[in-house]
Amino acid sequence: MKVTVAICTHNRAKDTGEAIESVLAQNFDKSDIEILVIDNQSSDHTAEVVHDLCHQHGSRIRYILEQKLGLSVARNRAIKEAQGEYILFLDDDALASSQWVQQIVDVFESNPTIGCVGGRIDPIWESQEPDWVPKEYRSVFTILDYSNVVKEMPSPSIPYGANVAFRTSIFHHMKPFREDLGRVGNNLLSSEESELIARLRENYKVYYTPFASVQHKIAKERTTKKWFLKRMFWQGVSDAVKRQDTSLLVVVKHTIRMLLAILSSLLSIFHFKTCIRQIMKICYRNGSLMGILRYNSRG
């Protein structure tokens with residue numbers, strides 16, 4: 001088996017079915033690709049949707065129920081179950097372009113030292129893209145357009161989890177995703193990809209290809225200020241948990257920077273975009289403190 005496409009899902013039955021169908025439509029040898037669906041404790045009709053597709057397409061699709069909740073748990077289960085030489089992760093709310101698999105395989109096979117490949121991620125907005133989001137924060141919506149050509153991604157640049165692939169053999173000698181990072185239910189904990197890729201870079205290269213593109217659905221509720229600020233808070237939590245730095249100096253640093261951001265937001269209250277940037281920083285620093293004090297057991 002050349003390729004395992006892993007789709008980890010939680011309560012997105014309709015989207016999961018559409019993601020699977022986009023993989024079934026790949027311009028790639030059907031005998032060399034398997035679709036592995038990891039159902040992470042869904043309570044909707046995900047199992048029914050996947051089983052119907054299994055009945056239509058046979059052993060090309062495998063359904064596995066993972067009872068322990070957590071995106072990193074589901075991804076690690078996919079790595080354990082994968083039969084392909086390469087494992088390609090596709091979000092359950094993403095749609096792969098027809099050349100997606102072929103283009104990723106081509107990059108891997110161009111150089112045996114490449115351990116990770118990511119591709120372009122284009123948004124499908126359920127509602128209009130919010131015009132109040134500063135351009136530098138647009139990646140929070142999992143949008144990626146890194147380059148117009150195939151190229152190496154130097155640190156700290158990384159592919160995003162909606163469209164990222166790994167050489168499966170790397171997991172024979174390195175640990176997979178950290179399970180204390182990544183989404184669990186409705187929380188927005190993240191950074192599991194950046195932590196894994198940082199370790200991977202010790203021995204392998206990370207590449208990007210614009211030709212292996214996917215479209216990523218962005219639900220209406222994710223374009224509200226409430227969701228966005230919540231996402232910034234959880235990014236702060238995630239970064240603190242990832243670093244596992246519980247020193248008093250770090251607590252003081254985040255506290256001072258949060259206080260400075262509060263002051264700046266008050267001074268710029270009549271300049272909306274400047275003010276929203278400072279509010280984002282407040283949420284991030286607050287999350288960082290929460291990650292240190294709660295998740296790293298200082299409090």
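A patch, as I use the word, is made of residues with over 30% relative accessible area and no salt bridge; like charges are joined within 9 Å, and nonpolar side chains (Val, Leu, Ile, Met, Phe, Trp, Tyr) within 5 Å. A salt bridge is a side-chain nitrogen of Lys or Arg within 4 Å of a carboxyl oxygen of Asp or Glu.

**Ground rules.** I am working on a predicted model, where local features need pLDDT of at least 70, side-chain atom pairs count only at pLDDT 80 or more, and totals for chains, interfaces and linings use all residues. Residues are numbered from 1 along each chain as its sequence is written, and side-chain values use heavy atoms, with hydrogens and water left out.

**Entry 1, whole protein.** I found eight helices and nine strands (DSSP runs numbered from the N terminus: helices are H or I, at least four residues; strands are E, at least two). The radius of gyration is 20 Å, close to the 19 Å of the globule rule for 299 residues, so the protein is as compact as a globular protein of that length (taken over C-alpha atoms; the rule is 2.2 Å times the number of residues to the power 0.38). The C-alpha trace spans about 60 × 40 × 40 Å along its principal axes. Of the 299 residues, 53% count as buried (buried is under 20% relative accessible area, exposed over 50%, partly exposed in between; 1.4 Å probe, protein chains only).

I looked up a nonpolar patch: Leu 248, Val 252, Ile 256 and Leu 260 form it, with about 370 Å² of accessible area together (Shrake-Rupley method, 1.4 Å probe; for residues, only the protein chains shown count as cover). Val 252 lies in helix H7, residues 248–267, and is partly exposed at 38% relative accessibility.

I searched the whole structure and got eleven aromatic pairs (rings of Phe, Tyr and Trp, its six-membered ring, with centres within 6.5 Å; planes under 30 degrees apart are stacked, over 60 edge-to-face, the rest tilted). Trp 125 and Phe 141 have ring centres 5.3 Å apart and planes at 75°, so this pair is edge-to-face. Trp 125 is in strand S6 (114–125) and Phe 141 in the loop between S6 and strand S7 (151–152), so the pair ties together parts 16 residues apart in sequence. Trp 125 is partly exposed at 22%, while Phe 141 is buried at 4%.

I checked Arg 75: its charged end sits over the ring of Phe 89, 5.9 Å from the centre (CZ of Arg or NZ of Lys within 6 Å of the ring centre and within 35 degrees of the ring normal). Arg 75 also lies over the face of Phe 177, at 5.3 Å from the ring centre.
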